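Here is a quick tour for anyone meeting this structure for the first time. Take a look at it, then read on.

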Amino acid sequence: MITFVLSLVALFVGYLVYGKVVERIFGPDERQTPAVRINDGVDYVVLPGWKVFMIQFLNIAGTGPIFGAIMGAKFGPAAYLWIVFGCIFAGAVHDYMSGMLSMRHDGAGLPEIVGCYLGQATKKVLLVFSVFLLMMVGAVFVYSPALILGKLCSDDLTWVYIWCGIIFAYYLIATLMPIDKIIGKIYPLFAISMLFMAVALAGVLFVKWPSLPELSDGLWGEGFQEPIFPALFITIACGAISGFHATQTPLMARCVKSEKMGRPLFYGAMITEGVVALIWATVSMYFFYGGAAQDLGQPLTLQAPEVVTAVSQGWLGMFGGILAMLGVVAAPITSGDTALRSSRLIIAEFLHLEQRSISKRLMICVPLFAATMALLFFNIENPDGFNVIWSYFGWANQTLAVFVLWSITVYLVRQRKAFIITLLPAIFMTVVCSTFLMISKNAFGFDMAVGYGVGGAALIVSAAWFLGWYKKEKRASR
């Protein structure tokens with residue numbers, strides 16, 4: 001528990017100290033934001049700061065900091081280090097900068113921003129890449145809650161299909177409606193419930209004060225199969241750094257009244273997600289290593305959603321069961337909803353289709369939802385469909401973060417600002433994603449020697465590329 005407490009303190013200090021450093025480097029000012037200047041009553045709407053924070057937190061979190069932390073806790077105390085350092089120095093910087101750049105570019109989506117700084121060819125690649133990633137989010141986050149709700153009704157698979165249809169109908173309505181009508185009203189409530197659950201579980205941890213693996217005992221846990229590098233850095237994404245967040249920050253960048261609200265809304269939301277991830281990582285270490293599974297009468301082989309339900313019901317009673325249901329059902333639904341909304345806006349930007357009229361929104365939504373339903377059908381019909389899609393999502397998610405970090409680095413160089421704050425995370429995540437692509441069984445499946453060799457080559461090539469580009473940029477700016 002000492003490592004857990006120190007990690008919590010580190011996150012709060014990181015927000016207060018490093019968050020201000022990042023804010024000072026970017027330099028928010030008094031210019032009108034897109035929410036004020038463009039305000040179309042659909043996607044560009046001024047919302048109160050507390051609502052923006054809650055929606056941003058729920059958009060980027062969903063079940064990510066819960067499931068990822070539960071799976072990552074099996075790596076042991078090293079998970080604490082990645083959550084703390086990843087969140088402060090990579091994830092929160094990534095979220096803040098992507099949100100602020102979106103505001104500076106009229107609320108532009110991720111491909112537009114990447115295109116501005118990495119070129120139009122990269123923009124087109126990112127357009128396809130990000131839309132496919134968001135469709136995967138929509139498909140995965142329909143299936144998992146539909147499966148849970150279907151099993152509550154009957155063991156018949158028909159009920160899973162029925163719930164899929166109901167959730168998709170909600171997706172379509174929420175994606176088409178103005179952001180303040182559904183998302184602006186119910187998402188803050190879901191966010192509050194998720195935060196309340198995390199705080200309640202933290203309270204139980206402090207009361208029980210269990211004996212858990214500490215950093216002083218070593219970095220990793222017992223008996224895990226995957227190599228800590230790069231698997232840990234892919235497994236725990238939300239709570240440390242996640243490229244998916246950069247697809248979500250433009251949604252709220254279109255709703256912020258002042259640039260100076262950026263640090264608490266973007267950097268702060270990510271730090272809050274890191275706190276939630278820390279709590280669930282600690283709960284999971286107690287479950288897997290500290291005897292909680294035995295106390296609750298549960299096997300150590302439980303999957304992440306089952307751990308959430310078992311711990312919440314066992315520690316918080318009926319109320320905890322309700323919160324757990326919100327966590328494993330409502331949270332993924334809301335993530336899928338905003339993922340498809342982001343996808344609509346990204347496609348609309350690329351096609352230059354205005355989104356005030358509902359007919360133009362339907363022109364994008366109909367084929368988008370049809371493609372997502374095809375992915376969902378594969379997810380359901382293939383016995384290993386969920387795991388396949390999720391593994392690709394994990395790698396694609398972190399690869400997206402690589403593109404975003406490099407884009408921000410180029411921006412900072414051109415603005416003559418301290419680019420080191422994103423250069424180091426960009427290089428690190430480039431190595432992580434390159435290595436994982438080589439060794440993953442769902443990709444090339446090479447042995448570790450090849451994977452680490454490619455990762456080392458990625459380190460040298462990316463650093464050399466940047467150095468060469470930086471020298472040309474300096475000469476051109478003289």
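## Inside the core

Let's start with Met97: setting aside neighbours within four places in sequence, Met97 is in contact with Val22, Ile25, Phe26, Ile408, Leu412 and Ile421. Keep in mind that this is a predicted model. Met97 also shows up in the largest nonpolar core, which has 166 residues; Met97 is among those touching the most other members, along with Ile66, Tyr171, Leu201, Tyr267, Trp280 and Trp315. The most residues in this core, 19, come from helix α14 (residues 304–351).

Now for the rings. There are 30 aromatic pairs in the structure, and two of them go like this:

| Pair | Centre to centre | Angle between planes | Type |
|---|---|---|---|
| Phe168 and Tyr171 | 5.8 Å | 70° | edge-to-face |
| Trp406 and Trp465 | 5.3 Å | 90° | edge-to-face |

Phe168 and Tyr171 sit three residues apart in helix α8 (residues 157–176), about one turn of the helix, and both are buried. With Trp406 in helix α16 (residues 385–414) and Trp465 in helix α18 (residues 448–476), the other pair ties together parts that are 59 residues apart in sequence. Trp406 is buried, at 8% relative accessible area, while Trp465 is partly exposed, at 40%.

One more ring to spot: Arg263 lies over the face of Tyr15, 4.7 Å from the ring centre.

Cys238 counts as buried because its relative accessibility is 11%.

Key
Residues numbered from 1 in each chain as written. Predicted model: local features only at pLDDT ≥ 70, side-chain atom pairs only at ≥ 80, totals over all residues. Heavy atoms only, no water. Core = buried A, V, L, I, M, F, W, Y, C linked by side-chain atoms within 4.5 Å. Buried < 20%, exposed > 50% of the residue type's maximum accessible area, 1.4 Å probe, protein only. Helix = DSSP H or I, 4+ residues; strand = E, 2+ residues; numbered from the N terminus. Contact = heavy atoms within 4.5 Å. Phe/Tyr/Trp six-rings, centres within 6.5 Å; stacked < 30°, edge-to-face > 60°. Lys NZ or Arg CZ within 6 Å of the ring centre and 35° of its normal.
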